[in-house]
Amino acid sequence: MKSMWQRAGVMGAVWAASQSALAGYAYNLQEPASQVAREVFHLHNLIMLVCVGIFIIVFGMMFYSLVKHRKSVGHKAAHFHENTTVEIIWTIIPFIILVGMAYPAAKVVIEMKDTSNPDMTVKITGYQWKWGYDYLNEGVHFYSTLATPREQIDGTAAKDEHYLLEVDDPMVVPVGKRVRLLITANDVIHSWWVPAFGVKQDGIPGFIRDSWFKADKIGTYRGQCAELCGKDHGFMPIVVKVVSEEDYKAWVAKKKGSAQAAAADNTKTFDVKELVERGEKVYQANCAACHQANGMGLPGVFPAMNGSKVATGPIAAHINIVVHGGRPGTAMVGFADRLSDAEIAAVVTYERNAWDNKMGDAAQPADIAAARGGAAVAAAPAAQ
């Protein structure tokens, strides 16, 4: 017995000595940045304490009984059953504990589901693998895509602090405003989850689910898709920037200006070099997840673009697939509602002139506009 306690003491000393090394390790939930998140945090701690208390009482009594009433010290097993008093006690006590936990939990859930009286409304659409944001009060629309460099994902470069948790265009909201979220999905089930706001809501194709948050601290908050949505499920993070009211208004004005500039691009004619340079960025943000950055695809899953019949065939067919999607039953979706005419023209031109595909032709925004309307698209000569 003495030896057992000595071993336990040694283990305890080793554990205590290791705590300095574990000081920076996060065991708990993220720091709350909204009232609902704080209530979730406190509820989590309360129920954890209740569970720990039950564990200590039950296992304490069990081990006490094993040690004090063991056969080696002369105790003999008792034979009894159907003790009504004991059965009533072990029924009433758990019932009281469950009700005691259910009441605060129900209050928090009801508050999480109350989306009334919002200051602003944002529609969020999940795609494989990005998020689309529509600010219904402001007329702002954009897509948010993973910004982690491919070199870090492939292991050829060191991973930074926000590996797989950085995007090219974050969601921006003003501090202290009640933001209603209308959440859906375009292809499969996704889940919009930002722990610091206490928000986790599934986006289901064909349905609109709602949630809300009101951030009470300026800062940058990160989350992820919390639903297994496909091969690159881990590559669609969420970043929300909470800013002052003045900074939010400036951001909205900038977004509207960018939208006007993009609309102007749709009326231009570009040379091949411009389209290829722009198309590479569009490809990396929208196509590389499936077809790979080197254009080689994933054998048996996603076809290669390098040397493909699409990228080296008639340009009209190539444009049609990018705009409207591939054959039914394939993973290739249309980008008509995701990319502008100029962006689609750029990515088509890039695919036809990158790697070993030296076609020398180019798509122009006017060709994409014609394809959207179902008109035939003729092969465009390379602009000089």
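Guide: The chain has 10 helices and 10 strands in its secondary structure; helices (H or I, at least four residues) and strands (E, at least two) are DSSP runs, numbered from the N terminus. The model is predicted, so local features need pLDDT of at least 70 and side-chain atom pairs count only at pLDDT 80 or more, while totals for chains, interfaces and linings use all residues. Residues are numbered from 1 along each chain as its sequence is written, and side-chain values use heavy atoms, with hydrogens and water left out.

Of the 384 residues, 36% count as buried. Buried means under 20% relative accessible area, exposed means over 50%, and partly exposed lies in between (1.4 Å probe, protein chains only).

The part to look at is strand E2, residues 130-135. Five of the six residues in E2 are buried, so the strand is mostly covered. On one side, E2 pairs with strand E1 (residues 120-127) in the antiparallel sense, over six bridges. Two strands pair if DSSP finds at least two bridges between them. One of the bridges sets Gly 126 against Trp 131 in E2. The link from E1 to E2 is a hairpin of two residues. Trp 129 lies in this loop, and a cis peptide bond, with omega about 0 degrees, joins Gln 128 to Trp 129. Most peptide bonds are trans.

Strand E3 (residues 140-144) also runs antiparallel to E2, and five bridges join them. Among the facing residues, Tyr 133 has Phe 142 in E3 as its bridge partner, and Asp 134 stands opposite His 141. Here the hairpin has four residues between the strands, and Gly 139 in the turn has a positive phi of about 75 degrees.

E2 belongs to an open sheet of five strands with mixed pairing, in the order E3-E2-E1-E5-E8. E3 and strand E8 (209-213) are the edges; each has a single partner strand, so one side of each lacks a neighbour in the sheet. On average, neighbouring strands of this sheet are turned by 25 degrees against each other, direction ignored. Helix H5 (residues 245-265) lies across E1, E2 and E3, at about 85 degrees to E3. Axes are lines fitted to C-alpha atoms, for helices over the stretch in contact, and angles run from 0 to 180 degrees between N-to-C directions.

Thr 121 has a relative accessible area of 13%, so it is buried. Leaving out residues up to four places away in sequence, Thr 121 touches Asp 134, Tyr 135, Leu 136, Asn 137, Arg 180 and Leu 182. Contact means heavy atoms within 4.5 Å.

Asn 117 has a positive phi, near 55 degrees, and is a residue other than glycine. Most residues other than glycine have a negative phi. With a relative accessible area of 66%, Asn 117 is exposed.

Helix H3 itself covers residues 84-113; at 1.5 Å a residue its 30 residues should span 44 Å, and its end C-alpha atoms are 42 Å apart, which agrees. That expected span is 1.5 Å times one less than the number of residues.
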